[in-house]
Amino acid sequence: LDVDAKTADVTLDQEPEVEAALLALDNRTGRVLAMVGGYSFERSKFNRATQAHRQLGSLFKGVLYAAAIDQGYTTTSIVQDEPVSYDVGPEQDPYEPANYDKEYEGELTLRRALEKSRNVPSVWLMNEIGPQVVVDFAQRLGFSSPMPPFLSVALGSAEATLQEVTSAYSVFPNRGTRMQPYQIERILDREGHVLEEGRPVPHDAIRADTAYIMVSLMRGVVQRGTARGALRLEWPVGGKTGTMDDYTDAWFVGFDPEITVGVWVGYDEKISLGEGEEGAAVALPIWRDFMQAYIDGREEPETPAGFVPPPNIVFASVDPMTGDVTEPWANGAIQEVFIAGTKPGTTFRR
């Protein structure tokens, strides 16, 4: 740019139409470590981290699969991925869920169904457990937004806030205890007297063994599933992507042993972000950049990978495709986690 025969450097700044929100929670206390409610407070006072109720998409599968584990399913339980039609009531069209790739894998393990975020097995599982059981379980994890007991809730048709779902996911690395989120640590008057103080408020949500199984499943989503982009961190993390139909909402919620961070991206109106703009492509990179800044300079947690199992957790080598116990050196074998008594070939009584 030539200005009076002098050279000047300029930049062009364009305000985005798309909004985003981020929330980071301390797993042990529930303290809000970071919060972004939108692009600009001057442009909009609406806090999308705490006030926006958006459909969760596949992010709700973390809740559904935790409910399944709570009901006695294991990581190697077989679920069905095949065309199915559900009668949902008189004078209503049958509900026929489909996978995003329009393909079906037949029988597959619960772990693989979650890692690959398969839709049809999730609805099948919701039907087997019972929609009301899953909705009640979601309330134990801290969801307070209305959630009807419909099969479609398995695929995230119900709405919730970023704070609700981030707090729910923090239960997994916190051994089953949900800490009520709080923002204010302390308010003092001019003399230094405490007027208000935020303190950790724990809620027993789920069993510690169920929580640890979910940590393992969510780490699998990162290692082999839809959230492989998080592997670049080279850090013990787990999490789940979420994408709504027509790409209107993109989510990622993930955790390490210390914090849980949730990210949402979308328009304030229900408008598509564009073909292929899913949680893994839109929300996960924001999450990864935040986590990279958080872990820089830290030493990686020790045993085992920072997540300490309860005493009733046992390990076994299994074939990831069939769930059958196999030799540790078998081709493709993975180390699987089970609640004591639920490993294939044992008798389980809970």
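In this predicted model, helix 1 (residues 61-70) packs against helix 3 (residues 119-129) at an angle of about 45°, and their axes are 10 Å apart. Local features need pLDDT of at least 70 and side-chain atom pairs count only at pLDDT 80 or more, whereas totals for chains, interfaces and linings use all residues. Residues are numbered from 1 along each chain as its sequence is written, and side-chain values use heavy atoms, with hydrogens and water left out.

**Helix packing**

- Helix 1 and helix 3 are therefore oblique to each other, a class left over once angles under 35 degrees (roughly parallel), over 145 (roughly antiparallel) and 65 to 115 (roughly perpendicular) are set aside.
- The contact (heavy atoms within 4.5 Å) is made by K61, L64, Y65, A67 and A68 of helix 1, together with N119, P121, S122, L125, M126 and I129 of helix 3.
- By class, the residues of this contact of helix 1 with helix 3 are 8 nonpolar, 2 polar and 1 charged.

**Largest pocket**

- The largest pocket has a volume of about 720 Å³; a pocket is an open set of points on a 1 Å grid where a 1.4 Å probe fits, with protein on both sides within 12 Å along at least five of seven lines, and lining residues have an atom within 4 Å of a point.
- Among the 27 residues that line the largest pocket, S58, Y100, N119, T243 and D245 are the closest to its centre.
- Strand 13 (238-243) gives the most to this lining, with 3 residues, and helix 7 (279-295) supplies at least two.
- The lining of the largest pocket comprises 8 nonpolar, 13 polar and 6 charged residues.

Terms used: Axes fitted to C-alpha atoms, helices over the stretch in contact; angles between N-to-C directions. Helix = DSSP H or I, 4+ residues; strand = E, 2+ residues; numbered from the N terminus. Nonpolar A, V, L, I, M, F, W, Y, C, P; charged D, E, K, R; others polar. Points joined across faces, edges and corners; volume = space filled by probe spheres on them.
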